[in-house]
Amino acid sequence: MEGAPVNGLYFLLKGTAKVFRTGINGREQIVRFAKEGEIIGHRGFGTEEYYPIGAIALEESALCYISKELLQETLRKEPQLAYDFMLFYANELNRSEAKVKSLSQMTVRERVIDSLLYINRKFGQQGGYLQLSLSRKEYADYAGTTEEQVIRTLSALKKEKLIVAKAKRIGIPNIDALKQEISEHNFYLDS
């Protein structure tokens with residue numbers, strides 16, 4: 001929970017979650033999505049006293065809790081784990097910096113496309129649709145825009161046949177064509 005005292009971190013054993021930060025006027029900014037095998041709560045680990053982010057399960061999920069004390073003790077005793085955590089945090093920093101770049105340099109259309117490509121990379125497609133079904137508001141909260149702009153952009157992308165949409169479900173029939181729309185930014189992260 002955002003603002004709660006830091007007491008450990010969580011591994012997502014099953015399910016998916018959105019990780020968010022509350023911004024101006026209580027508006028939610030989705031920082032990332034987490035899936036099975038990923039960590040939640042690591043941004044509060046270290047010197048932070050309170051979690052700077054919150055997370056909400058998007059489906060039934062199972063978590064494994066690791067207390068702050070146990071993790072600190074283990075990291076002191078296991079240099080390989082400490083090294084792996086250092087690499088993990090460096091990668092997280094790179095992703096955060098890339099996200100800031102995308103929000104500051106991409107148009108709304110490009111940010112929405114980038115969000116669709118991110119969801120596709122992270123969760124894939126099944127039956128012609130992205131496996132993670134999000135509301136238009138959740139796309140807006142991730143892309144750093146408004147729900148209305150997302151609706152307009154998705155409608156335009158559908159008319160251009162770059163996406164297919166059915167209710168909340170969105171499919172990307174030609175990933176390369178969608179990537180071409182933002183190719184000048186060279187902004188493709190693995191997940």
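The axes of helix α4 (residues 136-143) and helix α5 (residues 147-159) come within 8 Å of each other and cross at roughly 105 degrees, where axes are lines fitted to C-alpha atoms, for helices over the stretch in contact, and angles run from 0 to 180 degrees between N-to-C directions. Because angles of 65 to 115 degrees count as roughly perpendicular, α4 and α5 are assigned to that class. On the α4 side R136, K137, Y139 and A140 take part, and they meet E147, V150, I151 and L154 in α5, contact being heavy atoms within 4.5 Å.

This is a predicted model, in which local features need pLDDT of at least 70 and side-chain atom pairs count only at pLDDT 80 or more, while totals for chains, interfaces and linings use all residues. Residues are numbered from 1 along each chain as its sequence is written, and side-chain values use heavy atoms, with hydrogens and water left out.

Strand β6 (residues 62-67) includes S67, which counts as buried because its relative accessibility is 18%, the cut-offs being under 20% for buried, over 50% for exposed and partly exposed in between, with a 1.4 Å probe and protein chains only. Leaving aside residues up to four places away in sequence, S67 touches N7 and G8.

Helix α1 (residues 68-77) holds T74, a residue that is partly exposed with a relative accessible area of 27%. From T74 to E36 the separation is 38 residues in sequence and 23 Å in space, taken C-alpha to C-alpha.

Helix α2 (residues 79-105) contains Y83, which counts as partly exposed at 44% relative accessibility.

Terms used. Helix = DSSP H or I, 4+ residues; strand = E, 2+ residues; numbered from the N terminus. Parallel < 35°, antiparallel > 145°, perpendicular 65-115°, else oblique.
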